[in-house]
Amino acid sequence: MPAIVGPVAINSVGGGVINFGDSFYISPKSASKTSAGSGALNTGNFIITNNGLSATNTIDPDINDQDIVANN
């Protein structure tokens, strides 16, 4: 089934793959975790962020969050 792709604005690419349109099979090749406060990782052309008191919980009792096995 064909996909209709509208306007696209890419400001910068620091590596990786960009897919446009239909994709049959997409799987992650790597996984990472980032902790940041509220409004810290917003992206866009015009951003207005109004935050009060912000606290980030970095405690992670999991051993593995996203397993990547046999995915080369």
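The overall dimensions, surface and residue-level interactions of a predicted protein chain are described here. Residues are numbered from 1 along each chain as its sequence is written, and side-chain values rest on heavy atoms, with hydrogens and water left out.

The protein chain contains 0 helices and 0 strands, where helices are DSSP runs of H or I with at least four residues and strands are runs of E with at least two. Its radius of gyration, taken over C-alpha atoms, is 17 Å, well over the 11 Å given for 72 residues by the globule rule (2.2 Å times the number of residues to the power 0.38), so the chain is more spread out than a compact globule. Along the principal axes, the C-alpha atoms fill a box of roughly 45 × 40 × 25 Å.

Of the 72 residues, 1% count as buried, that is, under 20% relative accessible area with a 1.4 Å probe and protein chains only, while exposed denotes over 50% and partly exposed the range in between. The accessible surface, computed by the Shrake-Rupley method with a 1.4 Å probe, comes to about 7,000 Å², of which 53% belongs to carbon and sulfur atoms. Among contacts (heavy atoms within 4.5 Å) with a separation of 6 or more, 38% join residues 24 or more positions apart.

A search of the whole structure finds 1 salt bridge, defined as a side-chain nitrogen of Lys or Arg within 4 Å of a carboxyl oxygen of Asp or Glu. This pair consists of Lys33 and Asp60, whose closest N and O atoms are 2.3 Å apart; Asp60 is partly exposed at 33% relative accessibility.

Ile10 is likewise partly exposed, at 44% relative accessibility, and touches Ile18 and Phe20 when residues up to four places away in sequence are not counted.

Conventions:
Predicted model: local features only at pLDDT ≥ 70, side-chain atom pairs only at ≥ 80, totals over all residues.
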